[in-house]
Amino acid sequence: MNNIFSTVKSFYHKLGSFPWFYKFSSKFIPIVFILGFPIFFLGIIWGIYFSPTDVTQGEIYRIIYLHVPAASVAQTVYFAMAIAGFVYVVWKMKMAGLFIYAMAPIGASFTILALISGAIWGQPTWGTWWIWDARLTSTLVLLLFYLVIIGLYSSFDNKKSADQAVSILTMVGAINLPIIKKSVDWWNTLHQPATIKVFSESSIANEMLYPLLICIFSFYILVFLFGLMAMRAEIAKRELNKSWFKNLVLGND
Amino acid sequence: MNFIKTFFSREILVYSKKSSNIISPIVFFLICITFFPLAVSNDPSQLSRFAPGIIWICILLSGMLSVQTIFKEDFDDGSLDLFYAKDFSILQIVLIKIIVNWLFSALPLIILSSSMVFLLYFPISNLLNLLSSLLIGTIIISFFGALAGALSLGKNSILASAIMLPLSLPVLILGSSASTYSSENIGFFLLLLLSLLFLTIPIISLACMGAIRLHYE
């Protein structure tokens, strides 16, 4: 037990070091790359060509294989960023601040993907591109938070205070987002007789569920890959003049 | 205790020296309110239906004005540096500043918004709900505004409002709902607002302290 704990602890301490992370992740990236894209194409092709047509929605429902994974990733990335913000504020681990910086644009783009694919899906099925439903509104607010985080980050010259400020904002936003979603829910149920349910999760057939799960899984792997690459790029930017980086790049190591 | 008293009276003095601190939110609020009948519709029945939303939006937007002023002057002239260096309690400073800022920028608007009964044909039966929801909601907005101001010290003013407005969304939703309903649902939304207030005060005070500290690291 003690042994496991000390291993985790040493891993955590190593994770905080830029050189170690840079070298470690360079071994990791090819594996993730080889793993991620085939699974992604498997899920998408299975979903688009081989899964059965939906009885009520027809062929248009197939956008689910982009929409649901993107929406799921968008939320998870934000809460991962909030946890990283907590880690940064409490333990001042500089890798956590870098994580937030690297993930914010990725999360924002997946939120935009979820919103656009949702609108394209909503037009033929609900007859409208947009509806002020709790899910849609909270996703839009999520996008706003991502954009504010990116904006706040870029306004600082000093990376250290930028990390601190963004960590605080991300944590406050993470507390705020469920409240927004809940309050839109209450407001909606009182204003409108019935909100449109996207689909009830239990009613989905297995033939549709498996490719969907594969798609969700592959999106997480891809986000992991993109995150690693963005973090490495940012490390390279911050440590450009450090000797370890020069040695590594120029091959003197 | 002595420090709290001194600091409180200092803040009151600073705010009352500048008449723009009171005047500009009021002017902005009235202009915003005037826009709605001119742009949307001057039909009394429609206006009275939209009145809670209009009032809340205008309150939120005029809250945006005071966001920058709350810590900016003390940050620019270096008094905040002194407070920080002299080991004064940042928490007390933050809380007093928020209270005084609320007294000068939000309280006049709350009083003024009772005149919306005439201007926007706000139903008089809901007036008590509107005022009580404004009373709770503006405090929450002031806290979010203080956080936004503290995070964006020395930055441009758009950023502070961009931080504050998305954070204040639940207040807008709950507050305007509380003032829409006259009888049965009023307790529900007001209690939610109140619980949001009690959630906000400790979390945002802590976040504000952290946000001020980061400028001195």
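User: What percentage of the 217 residues of chain B count as buried?

Analyst: In this predicted model, 43% of the 217 residues of chain B count as buried. A residue is buried if 20 or more other C-beta atoms, placed from the backbone, lie within 10 Å of its own. Local features here need pLDDT of at least 70 and side-chain atom pairs count only at pLDDT 80 or more, while totals for chains, interfaces and linings use all residues. Residues are numbered from 1 along each chain as its sequence is written, and chains are lettered from A in the order in which they are written.

User: How many helices and strands are there in chain B?

Analyst: Chain B has eleven helices and zero strands. Helices are DSSP runs of H or I with at least four residues, strands are runs of E with at least two, and both are numbered from the N terminus.

User: Why does the radius of gyration of chain B agree with a compact globule?

Analyst: Chain B has 18 Å, which agrees because a compact globule with 217 residues would have a radius of gyration near 17 Å. The radius is taken over C-alpha atoms, and the globule rule is 2.2 Å times the number of residues to the power 0.38. Along the principal axes, the C-alpha atoms of chain B fill a box of roughly 60 × 35 × 30 Å.

User: Changing topic, how many residues of chain B are in contact with chain A?

Analyst: 23 residues of chain B are in contact with 23 residues of chain A. Contact means that the C-beta atoms of two residues, placed from the backbone, lie within 7 Å. On the side of chain B that touches chain A, α8 (127–151), α9 (157–167), α10 (169–180) and α11 (186–213) of chain B each supply at least two residues.

User: And which residues have the most contacts inside the largest nonpolar core?

Analyst: They are A:L169, B:L147, B:L151 and B:A211, in a core of 118 residues. Such a core is a set of buried Ala, Val, Leu, Ile, Met, Phe, Trp, Tyr and Cys residues joined through C-beta atoms within 7 Å. The largest share of this core, 15 residues, comes from α3(A).

User: What does B:L147 touch?

Analyst: Leaving out residues up to four places away in sequence, B:L147 touches A:V172, B:I204, B:A207, B:C208 and B:A211.

User: What is the mean pLDDT of chain A?

Analyst: The mean pLDDT of chain A is 83, and 92% of its residues reach 70 or more. pLDDT is the predictor's confidence in each residue, from 0 to 100. Over residues 191–201 of chain A, the pLDDT is below 50.

Methods:
A residue is buried if 20 or more other C-beta atoms lie within 10 Å of its own, exposed if 12 or fewer, and partly exposed in between; C-beta atoms are placed from the backbone.
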